[in-house]
Amino acid sequence: MFTSRIIGCGHCFPKKIVTNDDLAKIVDTNDEWIFSRTGIKERRIAGANESTASLGAEAAMMALRAAGERPEDVEAIILATTTPDHPMPATATKIQAMIGASRAFAFDVQAVCSGFIYALSIADGLIRGLGKRGSVLVIGAEVMSRVVDWKDRSTCVLFGDGAGAVLLKGSEERADGGRCGILSTHLFSDGTFYDSLFVDRESSAPEGRGAIESADRESSAPNNHGTIKMNGRTVFTIAIEKMTEVAALALAENSLSINDIDWLVVHQANKRIIDVVVERLGIYQVTERIDGRRHVAQAPSCTQRTAQAEQRIDEPANFRGLDTEKVIVTLESFANTGAATIPTTLSIAHNDGRLKAGDLILMVAMGGGFTWGAAVVRL
Ligand code: ACO
């Protein structure tokens with residue numbers, strides 16, 4: 001059976017680091033508030049010469065180099081972004097030109113922070129459905145800093161800029177019969193939450209003004225891109241609910257339990273959201289290791305009973321379960337980079353040697369819309 005495998009990963013962040021203390025100089029906030037509520041310490045912010053396309057192109061080239069593939073052999077480029085360089089054309093075409101992927105077709109996907117999972121699912125469909133033999137670049141890239149209201153302390157502290165990319169290639173399944181590549185993707189949205197997280201530009205809203213009036217208004221507007229407006233509490237509650245649900249569904253549809261997963265890559269919006277999702281999925285907190293024994297502090301809350309977990313503490317050799325070391329967290333240094341959080345996290349963990357061939361990864365994301373989704377991938 002034909003499948004799509006990740007054969008290379010890449011990432012790129014702007015050089016400029018903005019710490020929580022730096023933000024405290026422009027809005028009424030402090031490091032303690034931001035870190036305790038979000039887990040974020042610092043973020044990267046794009047300079048004047050950096051854009052979604054330039055960051056995405058760097059990440060794409062790194063993925064190509066890692067895979068040993070040439071840009072001219074890329075068959076498709078799918079860019080997930082909320083912050084395209086221009087409303088038209090697709091920023092993916094700009095990346096195509098920048099990297100010299102002359103044979104590819106390229107387009108953007110807009111599903112906010114779930115965009116990378118959506119793009120991965122489309123790429124998998126292209127490869128498997130159409131039997132594409134060439135490689136497909138799936139990129140998540142954002143300059144969230146350009147849609148953030150830098151006077152709004154409740155949102156500006158949350159976001160950062162960056163890009164991540166994976167290169168997918170069609171491949172036959174492993175000779176031993178084990179499945180590898182993208183095993184499944186699961187996509188959902190609920191537009192009744194449209195107003196819970198949005199950028200307040202009304203360019204084509206039907207309830208807005210006509211095109212000419214809109215043009216007049218926008219030409220004199222101080223910021224015609226609009227800025228992020230968010231109901232933080234709603235995002236917090238629904239993100240936990242939907243990401244837990246879709247993660248459980250993805251596991252069930254592959255006849256897997258959380259114990260089978262090597263790595264959990266959750267959208268990097270907020271450490272508190274990740275912690276609750278992790279707890280609800282029944283992931284163990286291993287606090288110390290003494291003589292090779294694993295000591296479990298936080299019993300799984302929904303998939304296994306506390307008694308079973310305690311029994312396993314005395315049987316370290318047989319202990320199975322995903323401990324929190326398997327939950328990859330990058331938001332402390334990079335904050336929420338929208339559609340880029342999952343591919344950048346994958347690339348960072350691949351580069352530092354955590355992700356290895358054969359590892360089973362569960363990716364879960366949620367974003368404005370609301371959109372949410374999951375992917376189960378065997379490297
Ligand atoms: N520094 C200091 N004080 C602040 C800040 C700040 N940066 N931001 C808000 N406050 C204040 C508020 O003004 C409020 O003050 P008040 O009580 O005097 O009115 C107080 O802190 C509490 O505000 P809350 O909104 O109740 O704070 P809460 O504990 O809910 O945390 C937060 C806010 C962190 C935004 C939380 O709701 C959250 O994490 N939501 C999820 C948002 C998110 O992750 N969005 C990312 C995009 S969506 C996605 O990627 C899935």
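This is a predicted model: local features need pLDDT of at least 70, side-chain atom pairs count only at pLDDT 80 or more; totals for chains, interfaces and linings use all residues.
Helix α8 comprises residues 232–253, and helix α9 residues 271–280. Their axes come within 9 Å and cross at roughly 35°. The crossing of α8 past α9 is right-handed. From α8, the contact involves F236, A239, I240, M243, T244 and A247. These meet I273, V276, V277 and R280 of α9. By class, the contact holds 8 nonpolar, 1 polar and 1 charged residues.

The length of α8 agrees with expectation. Its 22 residues should span 32 Å at 1.5 Å a residue, and the end C-alpha atoms lie 31 Å apart. Buried residues of α8 are V235, A239, I240, K242, M243, V246, A247, A250 and L251.

S255 sits in the loop between α8 and β11 (263–266). S255 counts as exposed because 7 other C-beta atoms lie within 10 Å, and the cut-off for exposure is 12 or fewer. A335 has phi near 60°. This residue is placed in the loop between α11 (331–334) and α12 (341–351). A335 has 30 C-beta neighbours inside 10 Å and therefore counts as buried, the threshold being 20 or more.

Cis peptide bonds also occur in loops. One joins M88 and P89, with omega of about -5°. P89 lies between β4 (74–80) and α4 (91–99). Another runs from G369 to F370, with omega near -10°. F370 belongs to the loop between β14 (360–367) and β15 (371–378).

Key
Residues are numbered from 1 along each chain as its sequence is written. Axes are lines fitted to C-alpha atoms, for helices over the stretch in contact, and angles run from 0 to 180 degrees between N-to-C directions. Helices (H or I, at least four residues) and strands (E, at least two) are DSSP runs, numbered from the N terminus. A crossing is left-handed if the near helix is turned anticlockwise from the far one by less than a right angle, and right-handed if clockwise. Two residues are in contact if their C-beta atoms, placed from the backbone, lie within 7 Å. Ala, Val, Leu, Ile, Met, Phe, Trp, Tyr, Cys and Pro count as nonpolar, Asp, Glu, Lys and Arg as charged, and the others, Gly among them, as polar. The expected span of a helix is 1.5 Å times one less than its number of residues.
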